[in-house]
Amino acid sequence: MVNSQLPADVDEIMDYIGEAAKMSGYLKWNEEAKLKADMMNVRHRWVSRVSEEVLRKKCRAVNLTDEETTKILEYLRKTQDGRRLVPHRMYRTFRFRPGADIGG
């Protein structure tokens, strides 16, 4: 069963994504690659614990654009459907480490 609110680790990751997008004015390719890699490398973090609805609300809360939100929700759907995401090769093994140094 999927939670009605984001788990703390995912919440922290999305705060980071929002801050990164705010600093550059948009969600940069490397932050996108980090998110895709984390969804693949720490699949359990995203599969049964995150609902699309709650993640959409969080994307809005951290001021991501509709386009950025749609892209992230698509990644979530693919991850939850057991499909692969292919992050940029520089980030293929990347994992967020919430609670420590979030950036990995």
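The legends below describe close-up views of a predicted model.

Local features are given at pLDDT of at least 70 and side-chain atom pairs at pLDDT 80 or more, while totals for chains, interfaces and linings use all residues. Residues are numbered from 1 along each chain as its sequence is written, and side-chain values use heavy atoms, leaving out hydrogens and water.

**View A. Aromatic pair Tyr16 and Phe96.** Four aromatic pairs occur in the structure (ring centres of Phe, Tyr or the six-membered ring of Trp within 6.5 Å; planes under 30 degrees apart are stacked, over 60 edge-to-face, the rest tilted). Tyr16 and Phe96 pair edge-to-face, at 5.6 Å centre to centre and 65 degrees between planes. Tyr16 belongs to helix H1 (residues 8-24) and Phe96 to the segment after helix H5 (66-80), 80 residues apart; helices are DSSP runs of H or I with at least four residues, numbered from the N terminus. Phe96 is buried at 3% relative accessibility (buried, under 20%; exposed, over 50%; partly exposed, in between; 1.4 Å probe, protein chains only).

**View B. Aromatic pair Trp29 and Tyr91.** The ring centres are 5.9 Å apart and the planes at 70 degrees, so this pair is edge-to-face. Trp29 lies in helix H2 (residues 29-41) and Tyr91 in the segment after H5, so the pair ties together parts 62 residues apart in sequence. Trp29 is partly exposed at 47%, whereas Tyr91 is buried at 15%.

View C. Eleven of the 13 residues of H2 are buried, so the helix is largely enclosed by the rest of the structure. Among them are Leu35 and Met39.

Definitions and conventions
Helix = DSSP H or I, 4+ residues; strand = E, 2+ residues; numbered from the N terminus.
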